[in-house]
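Let's take a walk through this structure together, starting with the whole chain and then going inside.

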Amino acid sequence: MTPRDASDDNSSRWSDLDRPPLNGTALRRALVREDGLWSDVRVVQRTGSTNSDLAALAVKGEAAEGTILIAEEQTAGRGRLDRSWTAPPRSGLFFSVLLRPAEVPVARWGWLTLLTGVAVATGLARAAGVDTALKWPNDLLVTVGGEERKAGGILAERAGEDGVVVGVGVNVTLRADELPVPQAGSLVLAGAAGTDRDPLLRAVLRSLEEWYGRWRAAGGDPAVAGLQEAYAAGCATLGRSVRAELPGGRALVGEAVAVDGDGRLVIATADGVQEPVGAGDIVHIRPA
């Protein structure tokens, strides 16, 4: 689907007064600086997937590093394992960024998902006043009525030989009757002090710029950049009993004890073996 520029679109702009539209001009003015990471901000009214759109632009040479593509509504948003992600228009933050970490060995690019998680959680904690946690490798968790729920997700994908597109989706004002599944959550349901998407988006992108700069300056070394420590401090998966559903149908049950230097989740099994998991679906096992 071809994205449609929403910056100057006034049709049905105020159909939901609790969900005002984003202002692309104001965001560009606030985020794009000559010496900064962000080079362009594009806001579209509706598209299938910001990740797919931005990756296509990157491959065609029509987007520089630091391009941000934001959609007011995604009709074919994707999460890990080809899961779909849908939400009402203007109810969340749905955006992708193009990064070209030339100084970092490709073997360390897997940290971009975890880095983005730290940046999103940090930015939202500052701007929304809500406690967030990270579920390895790419989920943002909030607490609603004493229950842990997923309010956001991250998806990083290669874009050509030298690029990575990182997509972020966060439920901001999604109401209880709009949740796609009962296990989902949103910032407003978690009691966020602020749900204005403009300052939330600015805070998240500034945090992402800061963490990406640290990581890139460290040559992608997560320990030197402070990223490995920061991720572990905010990761709700560590110290929990988990079940890892691995490729090929194998399952691994144990305690999540660490995130290693490659960004893998280390699981200690009952027989004393510590096994690193680089890919798979992680389930937090509730205490008996």
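Start with how the chain connects to itself: of its contacts with a separation of 6 or more, 66% are between residues 24 or more positions apart. Keep in mind that what you're looking at is a predicted model. The secondary structure comes to five helices and 14 strands. Along the principal axes, the C-alpha atoms fill a box of roughly 60 × 45 × 35 Å. How does the radius of gyration fit with a compact globule? For 288 residues, such a globule would have a value near 19 Å, and the protein chain has 18 Å, so the two agree. Buried residues make up 52% of the 288 in the chain.

Now for the inside. The largest nonpolar core has 63 residues, and Phe95, Leu187 and Trp215 are the ones that touch the most other members. Helix H3, which covers residues 111–128, provides the largest share of this core, with ten residues. Pick out Phe95 and look around it: leaving aside residues up to four places away in sequence, its contacts include Thr50, Ile68, Leu69 and Ile70. Phe95 also touches Val166, Gly167 and Val168, along with Leu201, Val204 and Leu205.

Searching the whole structure turns up two cavities of 30 Å³ or more. The largest cavity has a volume of about 50 Å³. Its lining includes Gly117, Val120, Leu134, Asn138 and Asp139, as well as Gly152, Gly153 and Ile154. Which elements give two or more residues to that lining? They are H3, strand E7 (139–144), strand E8 and strand E9 (163–171). Sorted by class, the lining of the largest cavity has six nonpolar, five polar and one charged residues.

There are pockets to look at as well. The second largest pocket holds about 410 Å³ of space. Of the 20 residues that line this pocket, Trp109, Gly110, Thr113, Ala156 and Gly278 lie nearest its centre. H3 and strand E8 (147–159) each supply at least two residues of the lining, and E8 gives the most, with five. By class, the lining of the second largest pocket divides into ten nonpolar, five polar and five charged residues.

Is Ala58 buried or exposed? Its relative accessible area is 7%, and buried means under 20%, so Ala58 counts as buried. Not counting residues up to four places away in sequence, Ala58 touches Ala63, Leu98, Arg100 and Ala159. Gly163 is 105 residues away from Ala58 along the chain, yet their C-alpha atoms are separated by 7.5 Å.

The other stop is Ala176, in the loop between E9 and helix H4 (197–217). Ala176 has 54% relative accessibility, and the cut-off for exposed is over 50%, so Ala176 counts as exposed. From Ala176 to Glu209 is 33 residues in sequence and 32 Å in space, C-alpha to C-alpha.

Conventions. Residues are numbered from 1 along each chain as its sequence is written. This is a predicted model: local features need pLDDT of at least 70, side-chain atom pairs count only at pLDDT 80 or more; totals for chains, interfaces and linings use all residues. Side-chain values use heavy atoms; hydrogens and water are left out. A nonpolar core is a set of buried Ala, Val, Leu, Ile, Met, Phe, Trp, Tyr and Cys residues joined through side-chain atoms within 4.5 Å. Buried means under 20% relative accessible area, exposed over 50%, partly exposed in between (1.4 Å probe, protein chains only). Helices (H or I, at least four residues) and strands (E, at least two) are DSSP runs, numbered from the N terminus. Contact means heavy atoms within 4.5 Å. On a 1 Å grid over the protein atoms alone, a cavity is a set of points where a 1.4 Å probe fits but cannot get out, and a pocket is an open set with protein on both sides within 12 Å along at least five of seven lines; lining residues have an atom within 4 Å of a point. Grid points are joined across faces, edges and corners, and a volume is the space filled by probe spheres set on the points. Ala, Val, Leu, Ile, Met, Phe, Trp, Tyr, Cys and Pro count as nonpolar, Asp, Glu, Lys and Arg as charged, and the others, Gly among them, as polar. The radius of gyration is taken over C-alpha atoms; the globule rule is 2.2 Å times the number of residues to the power 0.38.
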